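Good morning, everyone, and thank you for making time for this short talk. Please have a look at the structure on the screen before I go on.

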Amino acid sequence: SYLGKEAIDLLPAEHPLRPRALNNLGTLYYYRHHFLGELSLLKHIELQHRNALRCKNLHFPDVHESHWFLGNSLFEQFMIKGDKNLLDEGIAHFLQALDNCPQKCCDRARILATLSSALYSRQTIEGGTDDLEAAIKAATQALELMHPGNLTRGVAMHYLSNSLDRRFELF
């Protein structure tokens, strides 16, 4: 992470690679958090991705990646802390990521899969069917975009299965 910080220090605020460097540093913190279990890194992860979104020269693919990374950070914090506001903001960033991600972009499927999981989580808290139906739709769309053998396909299938099972329980 030292090199990541140094790279950011070397890039002026208006440099076109600054958002990418900020996202890369956030990702480094993310992996460090997962390998070492350092919960204190969650705020650093969030901060780097928020800073990337604040860059004035943000363009494709940094826009949708920044929103997706920030959404992931907030969703993970929600899973640890249980603060629904983190979940709601994470979902909003996943939706922004989709809005800024071209239809044919390879990232779209993973954004949809993660959105499905977040919507399912919110549905289990709030009840109702809107989030559940949206979770099913997002997981289905993710699967449609993934070729057989895609490593993330099993995750999307799991999210779809959970949501369909929940729908069956409710109806």
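This is a predicted model: local features need pLDDT of at least 70, side-chain atom pairs count only at pLDDT 80 or more; totals for chains, interfaces and linings use all residues.

Let me begin with helix 7, which runs over residues 130–145 and reaches 23 Å from its first C-alpha to its last, close to the 22 Å expected at 1.5 Å a residue. Which residues of helix 7 are buried? They are D131, L132, A135, I136, A138, A139, A142 and L143, and because they cover an arc of only 165 degrees around the axis, they lie on the same side of helix 7. On the other side of this helix you will find D130, K137 and E144, which are exposed. The buried residues of helix 7, for their part, pack against helix 6 (108–126) and helix 8 (153–170).

Helix 6 also has a partner in helix 5, residues 84–99, and these two pack at an angle of about 150 degrees with their axes 10 Å apart. Angles over 145 degrees count as roughly antiparallel, and helix 5 and helix 6 are therefore described in that way. Their crossing is left-handed, and the residues of helix 5 that take part in the contact include L87, I91, F94 and L98, while those of helix 6 include I111, L115, L119 and I125.

The last pair is helix 2, residues 18–36, and helix 4, residues 62–81, whose axes come within 10 Å and cross at roughly 25 degrees. Helix 2 and helix 4 are therefore roughly parallel to each other, and helix 2 passes helix 4 in a left-handed crossing. Among the residues that meet here are Y30 and H33 in helix 2, and F69 and I80 in helix 4.

Key
Residues are numbered from 1 along each chain as its sequence is written. Side-chain values use heavy atoms; hydrogens and water are left out. Helices (H or I, at least four residues) and strands (E, at least two) are DSSP runs, numbered from the N terminus. The expected span of a helix is 1.5 Å times one less than its number of residues. Buried means under 20% relative accessible area, exposed over 50%, partly exposed in between (1.4 Å probe, protein chains only). The arc is that of the directions from the helix axis to the C-beta atoms. Contact means heavy atoms within 4.5 Å. Axes are lines fitted to C-alpha atoms, for helices over the stretch in contact, and angles run from 0 to 180 degrees between N-to-C directions. Angles under 35 degrees count as roughly parallel, over 145 as roughly antiparallel, 65 to 115 as roughly perpendicular and the rest as oblique. A crossing is left-handed if the near helix is turned anticlockwise from the far one by less than a right angle, and right-handed if clockwise.
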